[in-house]
Structure formats: C-alpha cells, structure tokens
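Look at the structure below.

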Amino acid sequence: MSRPATTPGTRDIELQRTGLTSALAETWKTPSGLWGALATVDHKIIGRRYILTAFVFLALGGVLAALMRIQLALPEARLIGPDRYNQIFTMHGANMMFLFAVPVMEAVAVYFVPLMVGTRNIAFPRLNAFSYWIYLAGGAMLWIAFALDMGPDVGWFAYVPLSGPQYGAGKRADIWAQMITFTEISALAVAVELVVTIFKQRAPGMTLNRIPVFVWAILVTSFLVIMAMPAIVVASTSLILDRLVGTHFYNPAEGGDVLLWQHLFWFFGHPEVYIIFLPAAGMVSTLIEPFARRPAFGYLALVMALIATGILAFGLWVHHMFVAGLPRLGDSFFTASSMAIAMPAGIQVFCWLATLWDGTPDFKTPLLFIIGFIVTFVIGGLTGVMVASVPFDTQVHDTYFVVAHFHYVLIGGAVFPLLGAIHYWFPKLTGRMMSERLGQWSFWLIFAGFNATFFPMHILGLQGMPRRIYTYQPDLPWHGLNLFVSLSAIVLAAGFLLFFINAIRSARSGEVATDNPWNAPTLEWATTSPPPSYNFAMIPVVGGLQPLWENRDALSVADGLRTDRRELLVTTLAEAEPQAREASPQHSIWPLWAAIATTIMLIWSIFSPWAVVWGAIPVAITLIGWFWPKGTPEDES
Amino acid sequence: MREKVVLDLGRLPPHGMGTTSVTWWGTLAFMLIEGTGFALVIAVYLYLMSLAAAWPINAPPPDLLPGTLVTLILLTSLAPNILISRWAEQQDLRKVRIGMVIMSILGIAPLVVRVFEFPALKVSWDSNAYGSVAWTLLGLHTTHIITDLVDTLVLAALMFTRRGNNERRFGDVRDNAMYWNFVVVTWLPIYGCIYWLARL
C-alpha cells in the first residue's frame with residue numbers, strides 16, 4: 001500500500017504505481033494560479049512559453065516582411081517613407097535572428113532535450129525561468145521602441161560609423177545594442193543549462209554513441225553559443241560605450257577602427273548561422289527515422305558532420321567582408337574554409353537521402369517539410385558556394401542575390417525543419433495531433449510560395465537591385481519581377497496563416513494523441529502526451545540508439561529515487577553510469593524579480609552610465625534571495 | 001508501455017561533489033563564456049595596437065606599482081584559496097569559516113589597490129582608442145573581482161548560519177574557490193597586456 005508522500009525518505013520502490021505517480025505529481029507540481037505561472041521552473045511550461053513567444057515574434061516579423069513587399073511591389077510606391085523603411089528592414093532582420101530563430105531552436109531544446117535524455121527537469125531550472133523573462137523583456141523593449149518611432153534603423157548588423165555617435169543620433173542604435181544584451185544573456189544561460197543537462201543528466205546507459213542526433217546537434221550548438229556570443233556582447237557593449245561615454249573603439253580619428261566592428265560582429269555572426277542551422281539539421285536526422293521507418297543512416301557520420309561544422313563555423317567570418325579591402329591571402333583562406341564547410345553539410349544530405357532510399361517513407365506533413373528542406377537547402381548551399389568566391393561576391397554583394405541566398409538557407413534550412421518538428425512533436429507539446437489535411441495544405445503553400453517569392457530575387461540581384469532600398473524608379477528593369485515576388489509572398493503568407501490556424505485549432509480540439517503516435521524510437525515518446533510534471537515515473541535505462549524500437553514490449557527502467565523531494569539522476573559524462581541522486585530546485589519567484597531588476601538596469605543604462613552602478617544593487621539583492629537556501633528537502637545532502 | 005525494473009539507484013549518494021555536481025559543470029561553462037570574453041577584449045587590444053603608429057597612443061606607459069601590487073595580492077590569495085577548497089572537501093566547518101573570512105579580506109584588498117590602478121593608466125577612456133581598451137580591460141576584470149567578492153561575502157555569511165554545515169554549502173565553497181582561481185589566472189594575461197605590451 002502507498003504511504004503518504006510526505007514521509008521523509010520515501011523511495012519509489014516502496015509505492016504501488018498509482019501511489020508513485022500521485023506522490024511524484026505532488027512533489028513536482030507547479031502551484032496553480034498566477035503565482036504558480038510566474039514562479040514555475042518546469043522546463044516544459046517554460047519551453048512551451050518560449051516556443052509560443054518565438055512564434056509570436058515570427059508572426060510580427062512576417063508582418064514587417066509583408067509591409068516591405070507591399071512597398072516594393074510597384075516602383076515609386078508611397079506607402080512607407082525612407083526613415084520608416086530603414087526601421088522596418090532593421091527590425092525584420094534583428095527580430096527574426098535574435099528574437100525568433102535562435103530562441104526558437106533553444107526553446108525546442110529546452111522542452112525536448114530533458115525528455116530525450118530521460119531526465120526529470122533541465123539543469124539549473126531557475127536560470128531557465130530567468131532566461132525566459134529576460135528574453136521576453138528584450139523582445140518587448142525592441143517592439144515598444146519601434147512603436148514609439150525609436151526602432152533601430154541601422155541594419156541588423158548595425159555597422160559603424162552609421163550606428164556610431166556621429167551618424168546614429170538619438171537612441172535607436174542603443175535600443176539595438178541593448179536588445180543584443182538581453183537576448184545574449186538569455187541565450188547563454190540556456191546554452192549552459194543544455195550543456196550540463198546533456199553532459200550529466202542522461203539516462204543510465206545513454207553512452208556518447210547512444211545520444212539522439214538532435215541532442216548532439218543541441219550540444220554542439222550550445223558550445224557555439226558559448227564561444228561565439230561573447231563576441232557580440234563585446235561588440236555591442238563597446239558600441240554603447242562609444243555612444244554613451246565617449247570611448248573611441250570605432251573612431252578612426254582617435255586610433256579606433258570601423259572594420260573592428262565587422263570583425264567582432266561576424267566572428268559572432270557567422271557561427272550564428274550554424275547556431276540556427278545545426279538544431280534544424282538535428283531535427284531532420286531525428287524526424288527522418290519514424291517517417292522513413294528505419295534508423296538514420298550513418299549515425300557516426302551525422303554526428304561528426306555536426307561537430308566539424310561547429311569547428312569550421314569559426315573560420316568563415318571574413319567571407320562577409322570580402323569587399324572591405326582586406327589582404328588577398330586572407331580572402332583566399334576564407335574562400336577555402338567557406339567551401340570546406342559545404343562538405344559536412346553534403347555528408348548529412350547524403351545520409352538523409354540514404355535513409356529515405358532504404359526506408360519505407362510515410363509521406364506525412366513532417367516528412368514533406370524534410371524533403372522541402374533538402375531541396376531548398378541544397379539550392380541555398382549552392383549559392384553559398386558561389387558567394388564564397390571573391391570575384392562573384394564582389395559582384396553580388398549587397399544585392400538581392402544575397403537576400404535570396406540567406407533566405408534559402410535560413411527559411412529552407414531552418415524554418416522548414418522547425419515546422420516539420422512542430423507537426424511531429426505537437427502531440428508531446430499539447431497532447432493533441434495537428435490536422436494532417438491542413439498540414440499538407442500549409443506545406444505546399446509555404447513550399448511553393450517560398451520558392452516563388454525568393455527564387456526571382458537571385459535574378460533581381462544579378463540585375464543589380466541593391467538591398468535595403470525603399471523604392472526604385474520605373475525605368476529600371478526590376479518592376480515585373482518585384483510585382484511577381486510580392487504576389488508570391490501572399491501565397492507564402494497564406495501558408496503560414498494556415499499553419500497558425502492549424503496549430504491553434506489543434507491545440508484546442510485536435511484528435512487526442514497516444515503516447516507514441518508516430519511509433520518513434522526516442523525516449524520522449526516513452527512517457528504520456530503531454531508528459532507529467534516529473535516527465536518519467538521511473539528513469540529509463542537505455543541499451544541502444546533507438547530505445548523504443550529495441551525492446552517493444554517493455555521499457556527498462558531504474559528505481560530507487562526519492563518521491564518526497566525533487567530528485568533526478570546524475571550520470572558520468574561518457575558512459576552515463578549512475579553517480580548520484582541529485583536534488584532539482586523547486587519553483588521560485590526570485591528569477592522573475594532578478595529578471596525585472598536586470599531589465600531596469602539594462603534599459604536605464606541606455607540613458608546613463610550610472611545605471612550600471614545603482615542598478616546592480618537590486619540585481620545583487622534579487623540574486624542573493626534566489627540562492628539563499630530555504631530549508632526545503634531539496635537542500636538536504 | 002510496460003516497465004521492467006533493471007537497476008536500483010537507491011544506494012547512490014543524495015548529492016554529488018566536484019565533477020559529480022551539476023553546479024561544478026555550470027561554473028566551468030560560465031568560466032568558458034567569460035574566458036572567451038577576456039580573450040576577445042585582449043584581441044581587440046592587440047588589433048588596435050597593430051593599427052597604431054605608436055603604442056600607447058599619446059600617453060606614457062602606465063605606472064607599474066599599483067598593477068603589480070594587485071598581481072602580487074591576487075597570486076598570494078591563491079594559497080588560502082587552494083587550502084579552503086581542500087578544507088571544504090574535508091567538510092571541516094571551523095576551518096572553512098576562517099578561510100571564508102580570509103578570502104573575503106583578500107577579495108577586498110585588490111579592489112582597494114585597484115582604485116589607484118585606474119589613474120595609474122595615465123590616460124582617460126575618452127582620450128583615444130588606447131585609453132578606451134585599457135580602461136575596458138581593467139574594468140571588465142574589476143567587475144569579475146566584485147562579482148566573486150559579493151559571492152564570497154554572502155557565502156561567508158551563510159557558513160556562519162545553521163544552514164552552513166551542509167555538503168551542498170561545502171560544494172558551493174569549492175565552486176567559489178574554483179571561480180576565484182579563474183579570476184586570478186585571467187588577470188595575468190591582462191596584466192601583461194596593459195603593463196608590459198605598452199612598454200614594448
């Protein structure tokens with residue numbers, strides 16, 4: 001018989017199944033009501049919030065894109081003036097990169113990595129809560145500033161001297177720079193949580209060569225975040241210092257240098273591309289298994305390709321600066337490395353094709369998005385090899401050819417797999433299935449609309465149409481294609497609208513999902529849809545790469561964890577052998593207070609350097625409140 | 001899905017120290033982030049130096065005394081820091097309490113000398129790019145001393161409460177000591193940069 005959950009030292013072995021789950025539910029529950037919502041540290045609740053918020057920013061960024069397409073549909077259009085247009089394209093880029101693409105990939109990882117490695121919560125769950133609030137505050141600051149006509153207008157990479165004190169009057173460039181601070185804090189925090197979760201909280205038996213490819217991709221991505229994002233923090237901080245207290249980092253008259261900005265920005269900015277792409281590649285390798293109905297071909301090659309891409313990502317940044325007048329030898333080196341990175345990408349594509357070739361493909365919506373991804377990404381990759389060549393790049397630099405190229409790799413390479421992954425994991429997120437019929441429709445609309453919108457931009461670029469122009473004259477040979485592009489964008493927008501309708505409707509009234517509706521092999525499908533607060537009643541024990549396919553009648557599990565405190569399992573880094581039963585922190589409101597204090601300090605510091613001094617005091621107080629032990633069972637050792 | 005119990009975790013310790021602890025790994029990850037940050041600012045220093053016709057730009061090299069004094073204090077602090085880590089591992093509460101008081105003092109001392117280090121740079125942050133990067137390097141490192149000092153003070157206070165005698169707190173003391181080692185070690189290349197590269 002089950003004993004009350006509050007008995008000290010109660011272990012799961014002593015309880016019957018129903019007693020076990022009710023004791024765990026009591027220990028791991030998030031308190032109800034507004035307070036609970038603000039204080040929760042459940043990675044699933046926070047992950048869902050993150051995903052939802054990122055998709056709101058996607059929709060907002062999409063509205064900006066639509067405004068630009070309306071403006072450019074006809075020559076000499078008068079809908080948007082040049083100043084507003086500058087803000088719109090800057091907002092579109094900054095929003096899509098910093099508030100959508102990077103956070104959404106980390107958000108999916110926040111939700112799914114702990115489930116896929118078989119643990120009960122992410123490492124440092126309070127830091128996770130903090131990171132979400134900081135992300136939300138940074139996004140809100142950017143959009144509120146835009147609504148107040150204070151939106152940044154210096155391009156998403158904010159080149160100096162345009163963004164410096166001499167040309168960037170007002171606070172618009174500071175809003176951009178401080179938005180960077182917000183998003184970097186949150187991204188770095190999540191990267192640390194994910195690295196530690198993957199290193200130390202894997203289910204027993206999940207050795208390095210049994211980690212799902214998506215989890216590997218997130219591990220590599222997290223290291224890219226850790227190594228690359230400090231560069232943009234250094235860049236944006238020094239820009240703020242130049243603008244606020246008169247330092248001269250970017251002032252050539254006093255020994256500074258404008259190209260220093262480009263080096264710092266792209267030392268972050270190029271790995272950033274892979275911070276977005278690698279999780280997507282991991283999604284493809286994971287999704288392809290249940291839909292090809294066989295294990296992914298070439299696990300070792302796939303993982304090695306991810307790691308190789310992660311390393312090469314740091315040797316490419318100068319290819320964004322080919323027209324900046326750098327030494328020729330440097331250009332040659334970066335051309336070679338830019339072409340070299342096509343190899344690990346190619347290896348992955350061949351592995352995916354081999355998986356489909358040898359499998360029995362089931363053409364459901366997620367697989368359609370994967371195939372759409374392969375097609376689109378290969379086109380984007382080919383134009384990438386083209387612009388890696390200096391003479392060609394010199395010709396098309398700052399034209400619509402580049403716009404076409406990076407939308408192919410970003411939307412084709414990252415958003416398509418993401419949409420496939422949302423369809424695939426929707427039951428685990430909500431407990432319901434997305435509509436397959438609407439899914440197919442939205443795929444074809446998005447795929448056709450995307451290619452019709454962005455392919456002609458290659459031609460527009462070759463015809464010399466520059467980026468970032470708010471209008472063009474009727475005698476230029478661009479208006480036919482521009483009108484076509486704008487009309488095609490309606491199809492693309494309709495596809496996204498249908499996707500959103502499908503997601504909202506399915507979340508409310510979709511077909512109720514079983515635990516493993518796709519017959520998938522990874523651990524997140526070993527628990528209910530959606531999972532309970534404690535993820536797994538008993539920690540799974542893993543014996544292979546496809547744990548749910550290897551033993552179809554029973555799941556191997558471990559018992560012996562306490563049920564009266566939040567307890568999870570710590571395992572060794574390489575072999576995932578059990579080391580300790582570690583406590584996981586309870587819900588807490590302090591991360592929210594700390595985030596509010598940090599937000600006040602960061603926004604205040606746009607206006608006064610003293611904010612860093614006085615604003616740091618409340619931050620310190622909230623952090624002390626956060627870490628001061630409260631005498632819960634989780635504090636026992 | 002049916003479950004088959006194949007492993008009993010009940011005998012495992014309820015908390016892990018050192019590399020078994022997730023906080024140890026988290027501290028390491030944050031050190032990697034901040035170490036990258038330091039390396040980048042040093043790279044900026046070298047980049048600007050490579051562009052300048054003369055370095056330092058329109059300023060004499062910084063006075064050696066305060067910076068060298070800070071270096072000596074920081075290096076000296078390593079000895080008690082390593083000892084406190086050892087005492088924490090042995091869970092010797094009395095020694096750890098004494099050690100935390102010593103480490104608090106050794107956290108305040110370099111800050112006092114650092115007050116004199118900024119004027120000893122003999123250039124203002126808004127004079128030229130050399131001044132900007134020298135102040136930024138010094139400021140960035142000062143932020144790290146302050147952060148770890150606050151952490152040390154709070155932890156020292158905690159060790160004197162009834163919650164102090166807990167394996168988790170001893171783990172915190174060890175992680176804090178590890179972070180202080182990082183603060184000291186990262187200072188050495190910065191010291192070389194600010195004081196000796198400017199003398200080349």
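Start with β2(A). This strand is mostly covered, as 5 of its 6 residues are buried. Buried means that 20 or more other C-beta atoms lie within 10 Å of the residue's own; exposed means 12 or fewer, partly exposed lies in between, and C-beta atoms are placed from the backbone. Strands are DSSP runs of E with at least two residues, helices are runs of H or I with at least four, and both are numbered from the N terminus.

The model is predicted: local features need pLDDT of at least 70, side-chain atom pairs count only at pLDDT 80 or more, and totals for chains, interfaces and linings use all residues. Residues are numbered from 1 along each chain as its sequence is written, while chains are lettered from A and ligands numbered from 1 in the order in which they are written.

What does β2(A) pair with? Two strands pair if DSSP finds at least two bridges between them. Strands of a sheet pair through backbone hydrogen bonds, either parallel or antiparallel. β1(A) and β2(A) pair in the antiparallel sense, over 2 bridges. Here A:Ile539 has A:Ala558 in β2(A) as its bridge partner. With strand β1 of chain B (residues 2-8), β2(A) pairs in the parallel sense, over 6 bridges. A:Val557 has B:Val5 as its bridge partner in β1(B). A:Ser556 stands opposite B:Lys4 in that strand, β1(B).

Now step back to the whole interface between the chains. In total, 56 residues of chain A are in contact with 46 residues of chain B. Contact means that the C-beta atoms of two residues, placed from the backbone, lie within 7 Å. On chain A, the elements that each supply at least two residues to this side are α6 (172-200), α7 (213-244), β2 (554-559), β3 (567-571), β4 (578-583) and α19 (611-627). α7(A) gives the most, with 7 residues. By class, this side of chain A has 33 nonpolar, 12 polar and 11 charged residues. Ala, Val, Leu, Ile, Met, Phe, Trp, Tyr, Cys and Pro count as nonpolar, Asp, Glu, Lys and Arg as charged, and the others, Gly among them, as polar.

Finish with chain B. It has 5 helices and 1 strand, running β-α-α-α-α-α from the N terminus on. Its radius of gyration is 21 Å, well over the 16 Å that the globule rule gives for 200 residues, so chain B is more spread out than a compact globule. The radius is taken over C-alpha atoms, and the rule is 2.2 Å times the number of residues to the power 0.38. Buried residues make up 40% of the 200 residues in chain B.
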